[in-house]
Amino acid sequence: MVAEAGADALGLVFYEHSPRCVTAPEAVSIAAAVPPFLTLVGLFVNASADTVNEVLAKVPLNLLQFHGDEPAEYCEQFQRPYIKALRMKEDLDVLAAMAGHPGARGFLLDAYRPGVPGGTGESFDWQRVPQDSGQQIVLAGGLTPDNVAAAIRQAHPQGVDVSGGVESSPGRKDADRVYTFIAAARQAGGG
Ligand SMILES: O=C(O)c1ccccc1N[C@@H]1O[C@H](COP(=O)(O)O)[C@@H](O)[C@H]1O
């Protein structure tokens with residue numbers, strides 16, 4: 001459904017405390033069902049290297065998304081393209097955090113809530129998205145079909161990511177909301 005709706009990427013959550021967590025067998029069957037040009041993203045939160053490697057051995061992930069406190073050396077050991085999530089705590093120096101991950105293909109900027117690594121459904125001040133970082137930026141956090149166009153016009157990210165904003169209940173994607181979200185994002189982003 002997500003592919004048919006026109007998404008560029010599909011995220012698979014390998015974080016056991018998430019209502020969206022998938023097992024490796026579930027991920028394998030999802031991977032087998034998606035078209036070849038959809039980027040399959042694996043999301044991990046402070047997972048052990050063994051856990052990531054076990055998933056990589058089974059699931060054909062194109063991109064890794066590290067959503068915890070993983071340092072660059074950890075992220076780079078898997079020899080896969082990765083993006084690093086940065087939680088936008090008020091005192092976070094975004095450019096310095098980016099500089100700490102010179103091997104990252106891009107950065108996902110998400111809302112900060114103490115003790116919760118992501119998927120909060122909360123947004124942050126989009127004016128804090130740097131416009132001159134030279135990095136690929138994915139905007140996330142509390143995006144919905146209703147606010148994604150305004151977010152894109154204000155923050156000018158290279159991509160947007162959504163989780164709870166297109167669900168009917170935690171972990172259950174709603175096709176109407178997915179289609180509406182992608183249409184609104186594409187229109188705001190110029191296609
Ligand atoms: O989706 C999750 O359950 C999740 C769990 C732990 C870390 C990150 C998670 N999701 C990521 O969080 C952002 C924001 O989510 P939301 O749109 O505010 O619900 C989402 O883009 C995922 O990349």
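The end C-alpha atoms of residues 3–182 sit 11 Å apart, and this span is 26% helix and 20% strand. Helices (H or I, at least four residues) and strands (E, at least two) are DSSP runs, numbered from the N terminus. An unreviewed UniProt entry annotates residues 3–182 as "domain: N-(5'phosphoribosyl) anthranilate isomerase (PRAI)".

Keep in mind that this is a predicted model: local features need pLDDT of at least 70, side-chain atom pairs count only at pLDDT 80 or more, and totals for chains, interfaces and linings use all residues. Residue numbers start from 1 along each chain as its sequence is written. The protein chain averages a pLDDT (the predictor's confidence in each residue, from 0 to 100) of 96, with 99% of the residues at 70 or above.

Now the ligand: 23 residues surround the ligand, the closest being Ser18, Gly118, Gly119, Ser163 and Gly164. To count, a residue needs its C-beta atom, placed from the backbone, within 6 Å. Of that shell, eight are nonpolar, 12 polar and three charged, with Gly counted as polar.

| Helix | Residues |
|---|---|
| Helix 5 | residues 148–155 |
| Helix 6 | residues 175–189 |

Their axes come within 8 Å and cross at roughly 30 degrees. Helix 5 and helix 6 are therefore roughly parallel (under 35 degrees) to each other.

Notes
UniProt positions renumbered as here; feature names shortened; annotations may be inferred. Axes fitted to C-alpha atoms, helices over the stretch in contact; angles between N-to-C directions. Parallel < 35°, antiparallel > 145°, perpendicular 65-115°, else oblique.
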